[in-house]
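Here's a quick briefing to read alongside the model. Have the viewer open and click through as you go.

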Amino acid sequence: MHDRRFNASLAHRLDDPARLLWLPPDEVIAALGVQPGESVADIGAGTGYFTLPLARALGSAGKVWAVDAQTEMLSLLKEKLVLAGLSNVELLHAEGDRTEIPDAACAVVFLANVWHEFEDRDAVLRESQRILSPGGRIAILDWRTDVEPVAGPPLAHRIAPADAAKEMWLAGFEQIVFAEVGRHSWLVQGEKLQ
């Protein structure tokens, strides 16, 4: 594990009720524009802060691949899925650049609060291109660089949304759009045209 990866021993922080106030999942999911029946890869799913709301939004005909590199996170997420009675989520113990998701299987690749953690973001973008269907969308949510951290990584670890957008564009994504969501986050989305 490198120094930018969220430590699984602090997983309880991901479920802090205060987080709902400064990063409302419904606001983010609305910005993603996901539709019932779609398939979404939630890369860096953690304890399921977005996985569970995504699974509900996609409905029983949809699917969420919850990808995380830390087995501790996936174990916590599995418990939540059982309690919630959700069966449209597949847990994958994998890295963001090697997800094990089939080619062209996803309408959306969603990376929440993990973009600053990746050592090889180009590899993650290539993997996203591989698993997205034509017309599919990538959505990267991460911490604003202009807001003092009350939570999240130190400012020195954060990445500006313009830099993420440029990386997307260089990886072949188009129709790139930017928004601020919640109190401390930005969301950059792009489309795979081929």
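Asn 113 sits in the loop that links β4 to α5. Its phi is near 60°, a positive value in a residue other than glycine. This is a predicted model, and in it Asn 113 is buried, with a relative accessible area of 9%; the cut-off for buried is under 20%.

**Backbone spots with positive phi**

- Glu 100 is another non-glycine residue with a positive phi, near 75°.
- You'll find Glu 100 in the loop between β3 and β4.
- Is Glu 100 buried or exposed? Glu 100 counts as exposed, because its relative accessibility is 60% and the threshold for exposed is over 50%.

**The overall layout**

- The chain has six helices and seven strands.
- The chain is 194 residues long, and 51% of them count as buried.
- If you take the contacts with a separation of 6 or more, 71% are between residues 24 or more positions apart.

**How α2 meets α3**

- Two packed helices are described by the angle between their axes and the distance between the axes.
- Here the pair is α2 (residues 25-32) and α3 (residues 51-58), with axes that come within 10 Å and cross at roughly 50°.
- That makes α2 and α3 oblique to each other, and the crossing is right-handed.
- Which residues make the contact between α2 and α3? On the α2 side they are Pro 25, Ile 29 and Leu 32, and on the α3 side Pro 53, Leu 54 and Ala 57.
- The residues of this contact are six nonpolar, no polar and no charged.

- Six of the eight residues of α3 are buried, so the helix is largely enclosed by the rest of the structure.
- Those buried residues are Thr 51, Leu 52, Pro 53, Leu 54, Ala 55 and Leu 58.
- They pack against α2, β1, β2, α4, β3 (89-93) and β4.

**The nonpolar cores**

- The largest nonpolar core has 28 residues, and Leu 23, Val 34, Phe 50, Leu 54, Phe 110 and Leu 141 touch the most other members.
- At least two residues of this core come from each of α2, α3, β2 (63-68), α4 (71-84), β4 (106-112) and β5 (132-143).
- There's also a second, separate core of 26 residues, with Val 109, Val 114, Ile 131 and Ala 165 among them.
- Leu 141 is worth a click: setting aside neighbours within four places in sequence, its contacts include Leu 23, Phe 50 and Phe 110.
- Asn 113 turns up among the contacts of Leu 141 too, along with Val 114, Val 181 and Trp 186.

**The packed side of α5**

- Helix α5 (residues 121-131) has these buried residues: Ala 123, Val 124, Leu 125, Glu 127, Ser 128, Gln 129 and Ile 131.
- The buried residues of α5 pack against β1 (39-43), β4, β5 and α6 (161-170).

- Glu 27 lies in helix α2 and counts as partly exposed at 35% relative accessibility.
- Where does Glu 27 make contacts, leaving aside its neighbours within four places in sequence? Glu 27 is in contact with Glu 180, Val 181 and Gly 182.
- Glu 27 and Gly 182 are 155 residues apart along the chain, yet their C-alpha atoms are separated by 7.6 Å.
- Trp 169 is found in helix α6. With a relative accessible area of 56%, Trp 169 is exposed.
- Trp 169 and Gly 190 are 21 residues apart in sequence, and their C-alpha atoms are 8.0 Å apart in space.

How values were computed. Residues are numbered from 1 along each chain as its sequence is written. This is a predicted model: local features need pLDDT of at least 70, side-chain atom pairs count only at pLDDT 80 or more; totals for chains, interfaces and linings use all residues. Side-chain values use heavy atoms; hydrogens and water are left out. Axes are lines fitted to C-alpha atoms, for helices over the stretch in contact, and angles run from 0 to 180 degrees between N-to-C directions. Helices (H or I, at least four residues) and strands (E, at least two) are DSSP runs, numbered from the N terminus. Angles under 35 degrees count as roughly parallel, over 145 as roughly antiparallel, 65 to 115 as roughly perpendicular and the rest as oblique. A crossing is left-handed if the near helix is turned anticlockwise from the far one by less than a right angle, and right-handed if clockwise. Contact means heavy atoms within 4.5 Å. Ala, Val, Leu, Ile, Met, Phe, Trp, Tyr, Cys and Pro count as nonpolar, Asp, Glu, Lys and Arg as charged, and the others, Gly among them, as polar. A nonpolar core is a set of buried Ala, Val, Leu, Ile, Met, Phe, Trp, Tyr and Cys residues joined through side-chain atoms within 4.5 Å. Buried means under 20% relative accessible area, exposed over 50%, partly exposed in between (1.4 Å probe, protein chains only).
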